[in-house]
Amino acid sequence: QCTDGYEWDPVRQRCKDIDECEIVPDACKGGMKCVNHYGGYLCLPRTAQIIVNEREEAAAESTSGRNNVIRRTPADPQRAPPNPTHQIQCAAGYEQSDHNVCQDIDECATGTHNCRADQMCVNLRGSFSCQCPPGYQKRGDQCVDIDECTLPPYCHHRCVNTPGSYYCQCNAGFQLASNNHTCVDINECDANNPCAQQCYNILGSFICQCNPGFELSSDRINCEDTDECRTSSYICQYQCVNEPGKFSCVCPEGYQVVGGRTCQDINECETTNECREDEICWNYHGGFRCYPRNPCQEPYVLTSENRCVCPVSNAICRELPYSVVYKYMSIRSDRTVPSDIFQIQATTIYPNTINTFRIKSGNENGEFYLRQTSAVSAMLVLVKSLSGPREHIVDLEMLTVNSLNYRTSSVLRLTIIVGPYAF
């Protein structure tokens, strides 16, 4: 079987071309002439001259008047042309070769083209073409740049046109993918981690965060220590100490930190103190003091703990209070006023007697007021704020009289220790 346009030649035992111009009636219409071609035929204007290289061994140079076709056999180096003295005429763009055949003129190689310096010469059979380099297009006889940014495929973000080409650019935080068109997010946290502490990648950018106790600086990258001590004056009860990323509260001597921020008095009398055997330890807010176990002074004698009695057998005692009881108490500095701080009460109640109370000494500046609350008791009231550290000794006297002109008195010597702080 032969392909379309060929038929079997039983003599040569091979397929040969079918001359459709001979067997197809009126193959070309409109005044066109039919030119047979390998495997088919062409319809061309009657004025056209076609040069066809025949590859049939028996073909010879001939001119067909019907088709105005010059058919020639390619030069055979083993065989001289049939008529070497006959000069053939070649069409425009061809020239006679040494073998007396027409061959194409390469105008691009010979320099006989008229292409501009910015154009490329492309040789054609019988002619040449002036073409623009890639990225340019012909406009008239000039090559102008093609703006690829107006043509698909479009850049994902930005397109930059260049002479003869273009390239894509991505917004900040993105980079070009392998296709040079698409933009993909840059994970700055994995690439170079610009943050001083914590880095979180987001689409097209990143955000920095700081560890607890730090805050972002103005550059939004570095972290600065947060001075918690400056945010509030009440963050610590006594003193705030700022540290990198945190803070701590400290307390003055005699106190310990409780709950991280509060100061609590240390009871040195229960832990360690320097009191002697003949002294008692009294703890107050922020410290302690040592007082004699026997506070009695002549002519008083110790009858029980902290109680001194002046014997009636001693004549000196007749003008002195019968008993002196020593008591100790501590209050915080700058305590709010007025404030009830101590209650005095008769320990022995006699019938048909009247008790009166007064501040005998220690109230020269009027810090205290004694308010009688019943027939046998009174309340010491602080009426002026006291600042420590300071010690006040106040004598509270109870006078007892009856209808028989019996008169006696007792003194409670109250030592008030004002701590150095309001806690």
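Two residues are in contact when heavy atoms of one lie within 4.5 Å of heavy atoms of the other. The structure above is a predicted model. With neighbours within four places in sequence left aside, proline 311 is in contact with Pro299, Val301 and Cys317. Proline 311 sits in the loop between strand 29 (307-309) and strand 30. Its relative accessible area is 26%, so proline 311 is partly exposed, because that class covers values between 20% and 50%. Cysteine 240 is 71 residues from proline 311 along the chain, and the C-alpha atoms of the two are separated by 57 Å.

Most peptide bonds are trans. Glutamate 298 and proline 299, however, are joined by a cis peptide bond, with omega at about 5°. Proline 299 is in the loop between strand 27 (287-292) and strand 28 (301-304). Another cis peptide bond, with omega of about 0°, joins glycine 388 and proline 389. Proline 389 is placed in the loop between strand 34 and strand 35.

The backbone angle phi comes next. Most residues other than glycine have a negative phi. Glutamine 13 has a positive phi, near 60°, and lies in the loop between strand 1 and strand 2 (14-17). Its relative accessibility is 52%, so glutamine 13 counts as exposed, because the cut-off for exposed is over 50%. Asparagine 352 also has a positive phi near 60°, and is found in the loop between strand 31 and strand 32. With a relative accessibility of 67%, asparagine 352 therefore counts as exposed.

Not counting residues up to four places away in sequence, aspartate 9 touches Arg14 and Lys16.

Residues 104-144 are 10% helix and 44% strand, with end C-alpha atoms 31 Å apart. Residues 145-184 are 0% helix and 40% strand, and here the end C-alpha atoms are 29 Å apart.

The largest nonpolar core has 21 residues, of which Ile341, Phe342, Phe368, Leu380, Leu396 and Ile416 touch the most other members. Strand 30, strand 31, strand 33 (368-374), strand 34 (377-382), strand 35 and strand 36 each give two or more residues to this core. Strand 36 supplies the largest share, 4 residues. Leucine 396 touches residues including Phe342, Ile344, Leu370, Leu380 and Val411, with residues up to four places away in sequence not counted. A second, separate core has 13 residues, among them Ile280, Tyr326, Val411 and Ile417.

The last stop is the largest pocket, with a volume of about 810 Å³. It is lined by 34 residues, and those closest to its centre are Tyr322, Ser323, Thr408, Ser409 and Ser410. At least two lining residues come from each of strand 30 (323-331), strand 31 (339-345), strand 32 (353-361), strand 35 (390-402) and strand 36 (407-418). Which strand gives the most to the lining of this pocket? Strand 36 does, with 6 residues. By class, the lining has 17 nonpolar, 10 polar and 7 charged residues.

How values were computed
Residues are numbered from 1 along each chain as its sequence is written. This is a predicted model: local features need pLDDT of at least 70, side-chain atom pairs count only at pLDDT 80 or more; totals for chains, interfaces and linings use all residues. Side-chain values use heavy atoms; hydrogens and water are left out. On a 1 Å grid over the protein atoms alone, a cavity is a set of points where a 1.4 Å probe fits but cannot get out, and a pocket is an open set with protein on both sides within 12 Å along at least five of seven lines; lining residues have an atom within 4 Å of a point. Grid points are joined across faces, edges and corners, and a volume is the space filled by probe spheres set on the points. Ala, Val, Leu, Ile, Met, Phe, Trp, Tyr, Cys and Pro count as nonpolar, Asp, Glu, Lys and Arg as charged, and the others, Gly among them, as polar. A nonpolar core is a set of buried Ala, Val, Leu, Ile, Met, Phe, Trp, Tyr and Cys residues joined through side-chain atoms within 4.5 Å. Buried means under 20% relative accessible area, exposed over 50%, partly exposed in between (1.4 Å probe, protein chains only).
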